[in-house]
Structures are given as C-alpha cells and as structure tokens.
Amino acid sequence: MAASLGGIVYWGIFGLLFTAVSIPLILLLPCPVAKKLGRGMLHKAFQVFVGYLRATDLVHADLSSLDALKDEKSPVIIAPNHTSLWDAVFVISKLPQPICIMKEAILKNPFLGGGARLAGYIPNGSSARMVKDAADALQKGGQLLLFPEGTRTRREARWINPLRGGCALIARRAGVPVRPVFIRSNTRFLEKGWPLWKKPEFPIRVSIELGDPVMPGENETAHEFTKRLEEIYEHNLSRAHKLRRVVE
C-alpha cells in the first residue's frame, strides 16, 4: 500500500513541478530547444518511475524489445495497442526523444500538461491538423508515438478496438513505416472503465513486444492499410501467451 501511494505522490509532486518549470521555459527557449528539453525531461521522469515500480515489486515489466528503437535513425510511427493509462509511460521510458499524439484534455492537465506542451506533443483535436503536424514532425526525422485505437481498449473488446484511420493517414502522408507494439498484461488495471479506487493484485506483469515495420502500399488506401494493421494486431494478440487478454 505504501509503495503504491509513493507512486501517486511521485506524480503529484513532480507533475506540478514540471508544469511550473515548463511555462517559463516555453516562453524563454527557442522552440526546437524547448521541445528537445521537454522530451528528454519526460523520458527521464518516466524512466525513474518505471524503475520505482520495479524496485518496489509493484510491476514486473519486460520492455527489452523496445531497445531496438533507440538506435533507429529513420522516421517511424511507433503504434502500441492501448491496454491501460500508463502504456505511454512504459514506452516513453525507453525512447529518449519521441513525439507523441496526446488527448487535448491531458495537455490541459496540471500534472502532465506542462511537460507535454514543452515537449511539443501534438493534440488529437483536429484530425486534419493532427495529420499535418505529425507528418511534418516525422519528415524532420522523429519517432512518433501514436495509439491507433485512439482510446484504451474497451472492456468488452476481444483483442483491440477497431483502429482509427489517423495512423494510416499519417504514414501515407509522411511515407514512413508503422512499427506495431503489442502490449499484454495480467490485469485490467487502469483500463477504460477501471475505477481509480480499485486496487489491483500486485505484482502487475506487463509484456511489450515490438513488431516488424509495416509500410503502406503504393496504391493502398488509408482504409485498406488500417484494416491490414488491424489484422496484424489481432493475429499477434490472439497468439498463445501467458498474458493473453481474456474477455470478462
């Protein structure tokens, strides 16, 4: 109990500090410098948090497959399925400078919004603007983190929610591959509909597996590419695995 409360306190204190520090930095620093600093700060904060979860035996997380992305220089869309609120925390803890597409509501959150704005994370509000901003960032050589389901997997979904078209539109516009990421866990903790007061069974076990690059075909529509990606997720997530999702 004390360890889980420690995690909440960590984000309560450091989240507000991030916001307080980020506001003047956004105003004072050149935009590229501010974004690089903000992304590095969030990467380090998430890295420390994941280390805390492991040290306190709250979470056993296998993130080793994401190490392959550290040395990847070409622009790429990193696209995990979305099992829980903290999926992004685990992925960003392994990526020093990712660009993220984030819900507008989170950008306005006092605990996460300041750091996310400093990092230049892209809001998901306007679809056309989101696609343009994300494609522009990728063409400058970035790694884009995007959850193609658009929201956390619904409780009643078998493997994933139907994928939204944003991922395919960005990949086609920027001419970059998508790297599916397959997240599995032994709990529904922090999934969509999970009450914040409901305590899970610890330790939580998380497995994150990096898939092969998937490039949109030359004559493939965004809709066709989305369906092809959806089949890849369903095929992989349905495989026999000790953490395979079970519909309740």
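Colleague: Where is the place of Leu190?

Modeller: Leu190 sits in the loop between β6 and β7. Bear in mind that this is a predicted model.

Colleague: Is Leu190 buried or exposed?

Modeller: Leu190 is buried, with a relative accessible area of 13%. Its backbone has a positive phi of about 65 degrees, although Leu190 is not a glycine.

Colleague: What separates the C-alpha atoms of Lys199 and Thr83?

Modeller: They are separated by 17 Å. Along the chain, Lys199 and Thr83 are 116 residues apart.

Colleague: Now the helices. At what angle do α6 and α7 pack?

Modeller: About 45 degrees, with the axes 9 Å apart. Helix α6 covers residues 127-139 and helix α7 covers 166-174. That angle makes α6 oblique to α7. The crossing is right-handed.

Colleague: Which residues meet there?

Modeller: From α6, Met130, Val131, Lys132, Ala134, Ala135, Leu138 and Gln139. From α7, Gly166, Leu169, Ile170, Arg173 and Ala174. By class, the contact of α6 with α7 has 8 nonpolar, 2 polar and 2 charged residues.

Colleague: What about α7 and α8, at what angle do they pack?

Modeller: About 115 degrees, with their axes 8 Å apart. The crossing of α7 and α8 is right-handed. Cys167, Ala168, Leu169, Ala171 and Arg172 of α7 meet Ala222, Phe225, Thr226 and Leu229 of α8. That contact divides into 7 nonpolar, 1 polar and 1 charged residues.

Colleague: Which residues of α7 are buried?

Modeller: Gly166, Cys167, Ala168, Ile170, Ala171 and Ala174.

Colleague: What covers the buried residues of α7?

Modeller: The cover includes β2 (76-80), β3 (98-102), α6, β5, β6 and α8 (222-237).

Colleague: What does Asn161 touch?

Modeller: Glu149, Thr151, Arg152, Thr153 and Arg154, leaving aside residues up to four places away in sequence.

Colleague: Last topic, cysteines. How many disulfides does the structure hold?

Modeller: The structure has 0 disulfides. For Cys31, the nearest cysteine sulfur is that of Cys100, 15 Å away. For Cys167, the nearest cysteine sulfur is also that of Cys100, at 14 Å.

Colleague: Why does Cys167 count as buried?

Modeller: Because its relative accessibility is 3%, and buried means under 20%.

Colleague: And Cys31, what is its relative accessible area?

Modeller: It is 48%, so Cys31 is partly exposed.

Definitions and conventions
Residues are numbered from 1 along each chain as its sequence is written. This is a predicted model: local features need pLDDT of at least 70, side-chain atom pairs count only at pLDDT 80 or more; totals for chains, interfaces and linings use all residues. Side-chain values use heavy atoms; hydrogens and water are left out. Axes are lines fitted to C-alpha atoms, for helices over the stretch in contact, and angles run from 0 to 180 degrees between N-to-C directions. Helices (H or I, at least four residues) and strands (E, at least two) are DSSP runs, numbered from the N terminus. Angles under 35 degrees count as roughly parallel, over 145 as roughly antiparallel, 65 to 115 as roughly perpendicular and the rest as oblique. A crossing is left-handed if the near helix is turned anticlockwise from the far one by less than a right angle, and right-handed if clockwise. Contact means heavy atoms within 4.5 Å. Ala, Val, Leu, Ile, Met, Phe, Trp, Tyr, Cys and Pro count as nonpolar, Asp, Glu, Lys and Arg as charged, and the others, Gly among them, as polar. A disulfide is a pair of cysteine sulfur atoms within 2.5 Å. Buried means under 20% relative accessible area, exposed over 50%, partly exposed in between (1.4 Å probe, protein chains only).
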